[in-house]
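Please read the following note alongside the model.

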Amino acid sequence: MTGVEKLPLPMLPAELKLRGYQEQAIQNWLRNQGKGTLKMATGSGKTITALAIATQAYQQLGLKALIVVCPYRHLVIQWARECEKFGLQPILAFESVRRWQGQLGSDLYSVQAGHQPFLTVVTTNATFMSDGFQSQLTYFPEPTLLVGDEAHNFGSNQLVRSLPSSIRYRLALSATPERYFDEVGTAELYEYFGPVLEPEFTLRDAILQGALVHYLYYPILVSLTEREAERYTVLAKKIRRLIGMGGLEDENPALTPLLLERSRLIGSAANKIEALKNLMRDRLGTSHTLFYCGDGTVEDAVSAESRRQLDVVAQLLGRDLGYRINTYTAETPLEDRTDLHHLFESGELQGLVAIRCLDEGVDIPAIQTAVILASSNNPRQFVQRRGRILRRHPHKSRATLFDMIVVPPESDSDTFEIDRQLLRRELVRFVEFADLADNAGEARLKLLDLQQHYQLLDL
């Protein structure tokens, strides 16, 4: 009947055709009493699967409310768009309490009183932890579903303490739920949300089943400058001495700053800029390219070296080579990001130069090529980055990835074993990228001499 407002009830979009692994994940979540973790490759449809689970929970379990918690504001906007496709009208709870708390309180009363059949809230981690949001959790109706997006973050001490025991149904989403060097945080994540549900959907699965596109992988070997090599050798000797005195990093805290300094040195190696210039001279007519600069050396910080690298890369590409680019960082305002997405999609901008903020959840499927100038050893980062690049798009049949890998300087017998151990970490990323590439043999051959020299042929 015209003029009647449509009620916000979860329902599958008419045009949606769930894939087999998504159907299986939904059934396994229901069988596990409404708890579990979806470990699914970036770009394979975690958001859609979660909303399909909410729809099933509404139909079969009488679900009355959905809370989605994600790390960043731009993900709130992306979730809101997907929610609307499922017939939901979410409250977007982030930034100023005045913008959302009144509406949330009113809608909670309406649901409890039976005047409103369903409530959806999408919020950020920061807002979810705030007193203003935490004070409202006791008023959510029974039953409510809590979805943790990029759920590896929920293993942190702050977020763990904010998780409400009163909410019965729980779902965690992450391509890499295991927290890097944090077994306790990983265990707490699974304790609250539930175990990883079958089927785990890997990048290999996603590529083979057509959820992600195939790709080519080209490692670019980069040497340190003479000055950088001298500093590297000094650090390697100090690291060797400390390991000899006190074991591994978790047993010897004095190792951490040395390993971080070495990571900075590798991440900001000066010759990467020359390698980038040589690469892009022949690619000035290309578009839809993403340049990943250094992301800092700890989980939640961006180093000064990374910021300088971003500025140098932007200057080289934009001013020196005339490649149409813009930077994309955590400081880029939300409205500007939307404009940048459109300009990038259309090709008016040929490239984006980014630090970290493109690692979790950002959906720019038009990306056809990526150049990684620096990367941490955290496996989550490179799994997410590869998934970013491989998202399907009507004008993309295959993606291309260039990865800069720093070659250690010639070492003496005192530091050889340290160089070998540290290079092993770098090569793990290379092998991860190379093995699933369409040109795997060519990519693996690129580092064969290096692997042989450092006795790392087992990788």
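1. A residue is called buried when its relative accessible area is under 20%, exposed when it is over 50%, and partly exposed in between, using a 1.4 Å probe and protein chains only. By this definition Cys293 is buried, because its relative accessible area is 0%.

2. This is a predicted model, in which local features need pLDDT of at least 70 and side-chain atom pairs count only at pLDDT 80 or more, while totals for chains, interfaces and linings use all residues. Residues are numbered from 1 along each chain as its sequence is written, and side-chain values use heavy atoms, with hydrogens and water left out.

3. Rings of Phe, Tyr and Trp (its six-membered ring) pair if their centres lie within 6.5 Å; planes under 30 degrees apart count as stacked, over 60 as edge-to-face and the rest as tilted. The count under this rule is 12 aromatic pairs. Phe128 and Phe133 form a tilted pair, because their ring centres are 5.6 Å apart and their planes lie at 50°. Both of these residues, Phe128 and Phe133, are buried. Ring pairs also join Phe128 and Phe133 with Trp100 and Phe140 in a cluster.

4. A charge sits over a ring if NZ of Lys or CZ of Arg is within 6 Å of the ring centre and within 35 degrees of the ring normal. The charged end of Arg170 lies over the ring of Tyr192, 3.9 Å from its centre. That of Arg99 lies over the ring of Phe94, 5.8 Å from its centre.

5. Cys83 is in no disulfide, and the nearest cysteine sulfur, that of Cys70, is 9.5 Å away. Cys83 is also buried, with a relative accessible area of 0%.

Note on methods
Disulfide = S-S within 2.5 Å.
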